[in-house]
Amino acid sequence: MAQRMAAHHRRPVSHTVVSAALNAVATTCRERGLQFTIIRRQVMETLIKAGQPLGAYELMGALQDSLGRRLAPPTVYRALEFLQEQHFVSRIESRNAFVPCAHPDHPHACVFFICDNCGASEEVEDRTIERAVARDAASLGFRVARRVVELQGTCATCLATGTPTASHHP
Ligand SMILES: [Zn+2]
Ligand SMILES: [Zn+2]
């Protein structure tokens with residue numbers, strides 16, 4: 001039930017990466033005529049800094065740590081909803097967790113590679129997958145609302161350090 005993930009080799013997200021990602025979201029909000037309120041910004045910043053998908057409770061805990069005060073859950077949920085609607089944040093269904101989109105400025109299919117061992121996630125933008133999904137959707141007459149692909153396995157860092165994986169599928 002609990003979504004706590006071991007984070008023993010979590011890579012710290014550099015300040016440059018955090019501010020570049022926040023600036024991209026701020027610019028996109030401006031272009032779309034949307035408010036990037038302080039709370040939306042704080043939620044976005046916390047998710048970017050985490051470097052891995054965070055569950056709602058982990059997110060609230062991290063926000064409390066950085067702000068030094070507790071935010072009301074509905075406030076956080078509303079901010080999360082906004083960020084998801086704008087595709088700045090994706091929900092990882094398999095983890096019930098949230099992760100910032102790597103390319104918030106344009107619509108795309110988000111493809112996430114999620115490590116079962118350390119919880120790290122990497123997003124890639126793959127035009128081939130997007131085209132294939134668009135083609136298949138068209139042939140089915142299906143309108144796609146959410147384009148998030150989740151791939152689970154073991155990340156390169158865990159493989160290199162020989163960290164035992166939770167499950168083996170030979
Ligand atoms: Zn994305
Ligand atoms: Zn890993």
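Biologist: Good to know! What pLDDT do side-chain atom pairs need in this model?

Modeller: Residues are numbered from 1 along each chain as its sequence is written, while chains are lettered from A and ligands numbered from 1 in the order in which they are written. Side-chain values use heavy atoms, without hydrogens and water, and as this is a predicted model, local features need pLDDT of at least 70, totals for chains, interfaces and linings use all residues, and side-chain atom pairs count only at pLDDT 80 or more.

Biologist: Which residue in the turn between β1 and β2 has a positive phi?

Modeller: The two strands form a hairpin with four residues between them. In that turn, a positive phi of about 50 degrees belongs to Asn96.

Biologist: On to the helices: how are α3 and α4 oriented to each other, roughly parallel or roughly perpendicular?

Modeller: Helix α3 (residues 56-67) packs against helix α4 (residues 73-85) at an angle of about 110 degrees, with the axes 11 Å apart. Axes are lines fitted to C-alpha atoms, for helices over the stretch in contact, and angles run from 0 to 180 degrees between N-to-C directions. Angles under 35 degrees count as roughly parallel, over 145 as roughly antiparallel, 65 to 115 as roughly perpendicular and the rest as oblique. That makes this pair roughly perpendicular.

Biologist: And which residues of α4 make the contact with α3?

Modeller: Contact means heavy atoms within 4.5 Å. From α3 come Ala56, Leu59, Met60 and Leu63. They meet, on the α4 side, Pro73, Val76, Tyr77 and Leu80.

Biologist: Which strand does β3 pair with over four bridges?

Modeller: Three strands form an open sheet of mixed pairing, in the order β4-β3-β5. Its edge strands, each pairing on one side only, are β4 (121-124) and β5 (148-153). Strand β3 (residues 110-115) runs antiparallel to its four-bridge partner, β4.

Biologist: Finally, how far apart are the C-alpha atoms of Ile39 and Arg78?

Modeller: Ile39 is found in helix α2 (residues 38-50). Leaving aside neighbours within four places in sequence, Ile39 is in contact with Leu71, Thr75 and Ala79. Arg78 is 39 residues away from Ile39 along the chain, yet their C-alpha atoms are separated by 9.5 Å.

Key:
Two strands pair if DSSP finds at least two bridges between them.
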